[in-house]
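Trainee: Please take me through one part of this model in close detail. I would like to look at the aromatic rings.

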Amino acid sequence: MVLFTTFVNFRLLRDGQLHEGLQLVVSPETGLVLHRTGYIGGDIVDLDDAIVAPGFLELQMNGWGGLHFTQLGEMSEDEREEKLRGVAQEMVKRGVTGWWATVPTVAKEDWTKILPALKPREFENASNLLGAHVEGPYLHPSKKGAHTAEHFLEPASTTAESLYGASNLASTVKLVTLAPELKGSSALIKDLTNRNIRVSLGHSTADYDTGIQALSAGANALTHVFNAMPPLHHREPGLAGLISSPQAPYFSIIADSIHLHPSTVSMAYRTNPNKAILITDAIEMAGLPDGVYPGNAQIAHKQEKKGNRVVLEGTETLIGSCCGLDECVRNLVKFSGCELAEAVRCVTENVAEMMGLEDRGRLVEGRRADFVVLNDEGEVLQTWIAGKMAWDSGRPLS
């Protein structure tokens, strides 16, 4: 086995800026980034002035390629593994090296059937599953979006442990989206954060002050800002107004031009670039042809896909997106006029910081050697996992 590989002739994305004249040395054996100098021998890879960025991190994805993560509870262990591996293999084509599987609101008894399948793990030559983001059932009925409101619960009546299961909270659940105005939410936020689980606010009618109280209790993010929450008003800013507050949380943006107007995407990002996070909110129709598809454990009705837009058939109710995370990065550049390096920060460093990850999100000594090779337009040319190439587009690097 090659003990180390040195990458030369590239531009590195770090801290929202492009850096030239650097070397990147990685160990395929340990899967880590090494100190940049002092090595003799090994493999040398010339990247022909391409751009190198940390591997993208996908915080909110409900499914892909025909699999909705709510379906996992009804599958055999072998079928689960095959389906999840398929998703992981598709993600590397879009520069994603780590992802959290989002499980939206399902029936109370289904949580403990689904979550065990989503324990963090690695797949060979594919992106890493980092655990679960549970979006529900502690949400407000009037902001249900495509969720089934009859499955909603209040924190005061049902504890997280009794719902998700103690073992799943300890091993699988990494992020919970909840509505902070619900009775018992502050106690739930404290319980979750004491377990090292991040809490994001969303699908909520909460006002600004309630949001501040939730942040003080330990929440640190907003889920798909502006969607499924009150609109920003000059006298009633609501949860969206928190992004410019002194206690500003991280906030996710669906930059597909469907969930938000491009100008709104730009406004949110420009308000606080260091806290902005791009997500896809992708669902199982992503990667599939346009058409009408059946529902799932979250959606009781048929779903209609047209391009990246998916709605409940016969309505304008958005269910999710079919946009890839690499496309969202390019969209942010287009919508806001920011540099590619700045946009990439919203799927790398900002995500890692929000989730408290110290092994991903930056290409520095001691962290994982997960990275993507991009052209100047932000298109993914190669994806490397733990110092080994996992996917190559076959296109020239320059």
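**A ring cluster**

Mentor: Phe7, Phe371 and Trp384 form a cluster, linked by ring pairs. The model is predicted: local features need pLDDT of at least 70, side-chain atom pairs count only at pLDDT 80 or more, and totals for chains, interfaces and linings use all residues. Residues are numbered from 1 along each chain as its sequence is written, and side-chain values use heavy atoms, with hydrogens and water left out.

The structure holds 6 aromatic pairs. Rings of Phe, Tyr and Trp (its six-membered ring) pair if their centres lie within 6.5 Å; planes under 30 degrees apart count as stacked, over 60 as edge-to-face, the rest as tilted.

Take Phe7 and Trp384. Their ring centres lie 4.9 Å apart and their planes stand at 90 degrees, so this pair is edge-to-face. It links distant parts of the chain: Phe7 is in strand β1 (residues 5-14) and Trp384 in strand β21 (residues 380-385), 377 residues apart. Strands here are DSSP runs (E, at least two residues), numbered from the N terminus.

Phe7 has 0% relative accessibility, so it counts as buried. Trp384, at 8%, also counts as buried. Buried means under 20% relative accessible area (1.4 Å probe, protein chains only).

Now Phe371 and Trp384. Their ring centres are 5.5 Å apart and their planes at 10 degrees, so the pair is stacked. This pair too links distant parts of the chain, with Phe371 in strand β20 (residues 371-374) and Trp384 in strand β21, 13 residues apart. Phe371 is buried, as is Trp384.

Note on methods. Helix = DSSP H or I, 4+ residues; strand = E, 2+ residues; numbered from the N terminus. Buried < 20%, exposed > 50% of the residue type's maximum accessible area, 1.4 Å probe, protein only.
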